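This briefing is meant for a reader who is meeting the structure for the first time. It begins with one chain, moves to the contact between the chains, and then takes up selected elements by topic.

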Amino acid sequence: MYSHSLKFSALQSRRVPVACILLLFGFGPLLAGCIRQGHASPRRVLRVCSDPNNLPFSNSRLEGFENRIAELIAREMNADVEYTWWAQRRGFIRNTLKSGDCDVVMGLPSDSEMALTTAPYYRSTYVFVTRKDRGLLVTSFDDPRLRKWRVGVQIVGDDLANTPPAHALTNRGIVGSVIGYTLYGDYSKENPPARIIDAVAAGDVDVGIAWGPLAGYFARHEPVQLEIAPVSPRSEGSLPFVFDISIGIRRGEGALKQELESILERKRSDIEAILDEYGIPRVKG
Amino acid sequence: MQPSKSHIAKNIAVVLALFACASASCSRPIQSNAEVREVRLPSGLSGSNEPDDGQWLMPAKNYSSNRFSSLDQITVDNARDLKVAWTFSTGINRGHEAAPLVVNNTMYIVTPYPNILYALDLTKPGAPMKWKYEPKPSSAAQGVACCDVVNRGAAFYDGKIFYNTLDDHTVAVDAQSGKEVWNTQVGDINQGESMTMAPLVVKDKVLVGNSGGEFGVRGWLTALDASSGKIAWKAYSTGPDVDCLIGSNFKPFYEADQGKDLGVTTWPPDAWKIGGGGVWGWISYDPELNLIYYGTANPGPWNPDQRPGDNKWTCGIFARNPDNGEALWFYQWSPHDLHDYDGVNEQILIDLPIAGHTRKVLVRPERNGYVYVLDRTSGEVLSATPFAYITTSKGVDLKTGRLIYNPEKSASLGKVVREICPASPGAKDWQPSAFSPKTGLLYLPHNNLCQDAESVEANYIAGTPYVGMNVKMYAGPGGNRGVFSAWDPVAAKEVWSIKEDYPVWSGALVTTANVAFYGTMDGWFKAVNAVAGEPLWQFKCGSGIIGQPITYRGPDGKQYVAILSGVGGWSGAIVAGNLDPRDGGGALGFNNAMSDLPKNTVKGGMLYVFALP
């Protein structure tokens with residue numbers, strides 16, 4: 001379980017330079033410590049917008065796999081990473097990427113219409129999460145046991161929108177025993193979306209249905225052993241359960257897109273190693 | 001000019017009408033076949049703490065919430081001479097929905113986030129600033145506001161100004177000095193709660209409620225002691241009866257609202273804990289019955305299929321005793337809401353002759369498109385009549401009180417549904433109407449919007465992909481997106497209406513001299529004849545208008561009219577939030593209907609005050 005002592009004043013806009021903030025013009029004396037010896041011009045900066053409280057993706061202590069991949073990419077660009085922290089909620093892209101506060105967001109569905117996206121760098125799936133000691137492994141939405149169990153599922157508070165598994169349960173009329181865990185959660189707690197995995201571990205629900213990266217990472221950090229299994233089918237009708245994830249950039253920045261894609265290609269094995277380290281379930285094909 | 005019906009679609013027509021007004025023809029007596037009827041204001045409803053009608057102590061003017069002023073210097077004959085007396089910039093660029101207050105020759109303005117309170121000295125030329133109070137709300141609160149970072153105003157009571165901050169504090173500020181008297185945190189932005197509504201102060205209790213149905217909050221109304229800021233009671237909109245302050249005195253009129261713990265049993269297990277039902281709209285008070293009335297917002301965050309049941313007590317209206325909060329009755333406008341029809345609009349308390357009897361009623365122009373007339377002693381629906389184009393329902397069954405949904409218009413994932421009318425902002429959103437006891441008419445600023453639920457689109461929150469329907473709003477029949485109309489609540493029919501290009505997202509004001517005021521989202525502030533609906537005057541403000549007009553008597557004895565300009569809100573998010581006009585799905589689909597707004601107005605908060613020369 002996690003320490004809930006750390007309070008975030010966040011959901012916020014706070015810019016924290018990781019290496020240092022490099023202002024391009026003026027303020028020479030103030031920047032003295034920021035410019036590396038022997039460089040006539042300041043180093044490049046990769047400006048990243050990120051959630052300060054959302055492991056396994058990112059946090060302000062730079063412990064997420066997206067933080068790690070951002071560092072890896074920046075190194076390849078000979079750049080420093082500079083973060084703008086903003087809770088990844090409705091309006092995130094508008095308030096960060098689109099308002100020009102940063103150049104990239106490290107994760108977006110590849111077919112997202114909100115921004116330009118690179119070629120995908122991983123593909124994951126929604127998964128069933130159960131306690132190993134209870135032997136409840138389930139792999140299909142059509143498993144009749146889902147009608148009897150307490151089922152936890154991630155939900156969104158947007159009108160007519162929801163996570164694909166929440167829609168899949170409704171489509172089957174599995175409603176009465178379903179407990180919703182909001183993606184928003186309580187932001188004063190660490191990593192608010194993770195409560196659904198806590199609930200599986202604690203036995204509050206028999207099975208949780210969660211997005212793979214969250215489930216894969218937190219399943220390793222619970223005091224009891226958890227099992228995860230990709231949901232099946234992989235999609236039904238217009239409802240996908242498997243998503244390609246890309247880096248998001250502003251529309252019209254084709255040169256940056258190309259540069260990022262070539263780095264993602266070149267550093268594929270390093271990225272795979274980071275994803276493995278965080279227990280991110282991936283889907284092939 | 002048509003005496004009874006005035007359909008003005010384009011500004012050019014208004015300009016022509018004004019040009020006509022320059023001639024002598026405008027000073028002729030107004031002809032009207034609208035029935036003019038004196039309606040008695042029930043005793044006490046004008047606000048017992050308001051000896052001088054020249055002031056404006058709460059956004060809705062008085063406890064009956066009629067936004068009616070007895071000031072009579074500005075008339076249908078001289079309104080065309082109105083001129084700007086002075087202005088004041090708020091320095092804030094988001095949507096300005098608040099009503100100014102005027103107390104003891106001081107004007108008070110509360111801004112959108114960061115919720116600055118300004119006091120302006122009306123006794124001096126140009127109304128210089130006396131002081132400003134800055135509560136410095138957490139910037140994180142901006143991340144939980146669903147629909148721009150608006151604030152709908154403050155309330156004056158017992159020497160103090162009370163209002164809410166976006167980050168869930170209710171504050172009391174000394175009206176003389178600008179010093180904070182108390183500051184009570186009543187909600188938590190980390191749970192998705194924010195506050196945008198204007199308090200109502202009743203019998204030493206400051207009544208406030210939360211916003212945030214889109215974030216999985218549980219709605220509530222709470223009462224704070226006006227002198228200490230201590231919480232006296234809190235009534236939730238979902239959950240067990242004990243949490244909802246429902247006890248033995250609860251006597252709802254209809255069977256569907258009778259029974260134990262309906263706030264739990266009309267939901268899937270535990271869903272009520274994050275069930276919505278925020279209280280972000282208007283509260284009225286009847287001192288004689290000692291009852292407050294307020295509406296509850298939409299259920300959430302589940303989609304309709306995922307929350308079978310009536311989802312009590314969302315999308316309805318409570319009558320409560322302000323002393324202890326206990327519920328006396330409840331009525332549900334939209335049981336098991338399908339369309340995001342929050343039930344939080346204003347309720348105007350009047351006594352009306354209905355079927356030969358004088359009835360104590362409340363009139364509610366509701367988001368689902370009906371003007372409801374309820375017996376405010378019992379919650380019985382006396383009439384429910386469409387005031388807009390409706391496809392989502394087929395009427396209200398007066399036997400059961402139940403809205404009759406049209407199943408063909410209920411949207412769910414993967415099902416393309418066209419012409420859902422009214423669209424999610426409703427036939428009328430929060431923008432409050434006015435009622436004139438002089439004409440017996442309700443003055444209704446409202447929308448004419450429909451929406452299509454089109455294709456499935458992927459989105460992403462907190463590192464997690466999800467899917468929803470791509471919703472697009474557009475103008476309803478006629479092609480105009482807004483309407484300002486006069487409605488007869490006894491005959492249950494429209495008397496006249498003015499078509500407006502944009503949704504009329506401002507409040508309304510009406511005076512005893514039969515002048516009604518409202519503003520448009522492209523910045524025109526307008527005066528119209530309250531009897532006949534003909535335009536009398538208009539002025540182009542710097543930014544679109546979504547505020548609430550007021551009128552007051554200045555220290556010089558003259559009548560003034562004031563309005564905040566400053567576009568934004570849900571409807572104006574495309575300008576205030578710099579949204580991409582090409583993204584029709586932005587602002588939950590509202591963008592599609594408003595893509596031309598950035599061409600016609602820009603953001604910027606400014607107060608305008610008008611007077612006769």
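In this predicted model, buried residues make up 48% of the 285 residues of chain A. Chain A holds eight helices and 15 strands, and among its contacts with a separation of 6 or more, 74% are between residues 24 or more positions apart. The model as a whole scores ipTM 0.86 and pTM 0.89.

**Confidence in chain B**

- The mean pLDDT of chain B is 90, and 91% of the residues of this chain reach 70 or more.
- Residues 1-51 of chain B have a pLDDT below 50, although this stretch has 85 contacts in the model beyond near neighbours in sequence.
- Where pLDDT is low, the predicted coordinates should not be read in detail.

**Domains of chain A**

- Chain A is divided into domain 1, made of residues 14-122 + 244-277, and domain 2, made of residues 123-240.
- The contact between these two domains takes 12 residues from domain 1 of chain A and 11 residues from domain 2 of chain A.
- On the side of domain 1 of chain A that touches domain 2 of chain A, strand E3 (53-54) and strand E15 (242-249) of chain A each supply at least two residues.
- By class, the residues on that side of domain 1 of chain A are seven nonpolar, two polar and three charged.

**Where chain A touches chain B**

- The contact between the chains takes 54 residues from chain A and 48 residues from chain B.
- Several elements of chain A each supply at least two residues to the side that touches chain B, namely strand E6 (104-109), strand E9 (151-155), helix H4 (164-171), strand E10 (178-182) and helix H6 (212-219).
- The side of chain A that touches chain B comprises 24 nonpolar, 21 polar and nine charged residues.
- E10(A), one of the elements on this side, is mostly covered, with four of its five residues buried.
- E10(A) pairs with E9(A) in the parallel sense over five bridges, and within this pairing Gly180(A) of E10(A) is the bridge partner of Val153(A).

**An open sheet in chain B**

- Four strands of chain B form an open sheet in the order E11-E12-E13-E14, and their pairing is antiparallel.
- Strand E11 (200-202) and strand E14 (231-236) of chain B each have a single partner strand at the edges of this sheet, so one side of each is left without a neighbour in the sheet.
- On average, and with direction ignored, neighbouring strands of this sheet are turned by 20 degrees against each other.
- Strand E12 (residues 205-209) and strand E13 (residues 220-225) of chain B are joined in the antiparallel sense over five bridges, and Leu221(B) in E13(B) is the bridge partner of Gly209(B).

- Strand E15 (residues 283-286) of chain B runs antiparallel to E16(B) and is joined to it by four bridges, with Tyr293(B) of E16(B) as the bridge partner of Ser284(B).
- The hairpin of E15(B) and E16(B) has four residues between the strands, and in this hairpin Asn290(B) takes a positive phi near 50 degrees.
- E16(B) also pairs with strand E17 (residues 316-320) of chain B, in the antiparallel sense over four bridges, and Arg320(B) in E17(B) is the bridge partner of Ile292(B).

**Helix H3 of chain B**

- Helix H3 (residues 569-576) of chain B is mostly covered, since eight of its eight residues are buried.
- The buried residues of H3(B) include Trp570(B), Ile574(B) and Val575(B), together with Gly569(B) and Gly572(B).
- Helix H4 (590-593) and helix H5 (597-600) of chain B are among what covers the buried residues of H3(B).
- Asn578(B), which follows H3(B), has a positive phi near 55 degrees.

Key:
Residues numbered from 1 in each chain as written. Chains lettered and ligands numbered in written order. Predicted model: local features only at pLDDT ≥ 70, side-chain atom pairs only at ≥ 80, totals over all residues. Pairing = 2+ DSSP bridges. Contact = placed C-beta atoms within 7 Å. Nonpolar A, V, L, I, M, F, W, Y, C, P; charged D, E, K, R; others polar. pLDDT = per-residue confidence, 0-100. Buried ≥ 20, exposed ≤ 12 C-beta atoms within 10 Å, placed from the backbone. Axes fitted to C-alpha atoms, helices over the stretch in contact; angles between N-to-C directions. Domains from an automatic or database assignment.
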